[in-house]
Amino acid sequence: MAKKQKLYEYKTINSKGAIIYLARYQGEENWKFHRWDGPAIEPYSPDSELFTAYYLNGIKYNVDRYNEIMQEREGLPWYKNQSMKHLLSDYRN
């Protein structure tokens, strides 16, 4: 059985007092800042050199525009969709 190719990969880096979220899509060489659930750069220490920043697919957004994009998304996440509940129980076991 051949290994299934992923459409994307995620990576989390701790650097300079911040957590940085990256994604790389199939066929691309470079990693991009990306996170749907919040800021792609999250400082966790008060003396961090980095500031909170919101990125989607490597494009930087301000807080207001990011929140607007999140509100425009349609539907529920797969884990809140009733037709997909059986998948969630498979992961818990």
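Let me start with the ring criterion: rings of Phe, Tyr and Trp (its six-membered ring) pair if their centres lie within 6.5 Å, and planes under 30 degrees apart count as stacked, over 60 as edge-to-face and the rest as tilted. By this rule the count here is 2 aromatic pairs.

Some ground rules. This is a predicted model, where local features need pLDDT of at least 70 and side-chain atom pairs count only at pLDDT 80 or more, while totals for chains, interfaces and linings use all residues. Residues are numbered from 1 along each chain as its sequence is written, and side-chain values use heavy atoms, with hydrogens and water left out.

Now the layout. The protein has 2 helices and 6 strands, in the order β-β-β-β-β-β-α-α from the N terminus. Helices (H or I, at least four residues) and strands (E, at least two) are DSSP runs, numbered from the N terminus.

Back to the pairs. By the rule, the count was 2 aromatic pairs. The ring centres of F33 and Y55 are 4.7 Å apart and their planes lie at 35°, so this pair is tilted. It links distant parts of the chain, since F33 is in strand β3 and Y55 in strand β5 (residues 54–56), 22 residues apart. F33 is partly exposed at 30% relative accessible area, whereas Y55 is buried at 13%. Buried means under 20% relative accessible area, exposed over 50%, partly exposed in between (1.4 Å probe, protein chains only).

Y54 and Y66 make a tilted pair as well, with 4.6 Å centre to centre and 40° between the planes. Y54 lies in strand β5 and Y66 in helix α1 (residues 63–72), so the pair ties together parts 12 residues apart in sequence. Both Y54 and Y66 are buried. Across the protein, 24% of the 93 residues count as buried.

What sits over the ring of Y21? The charged end of R35 does, 4.1 Å from the ring centre. The test is NZ of Lys or CZ of Arg within 6 Å of the ring centre and within 35 degrees of the ring normal.

Next, W36. This residue is found in the loop between β3 (32–33) and β4 (41–43), and is partly exposed, with a relative accessible area of 33%.

Last, contacts, meaning heavy atoms within 4.5 Å. Among contacts between residues at least 6 apart in sequence, 23% join residues at least 24 apart.
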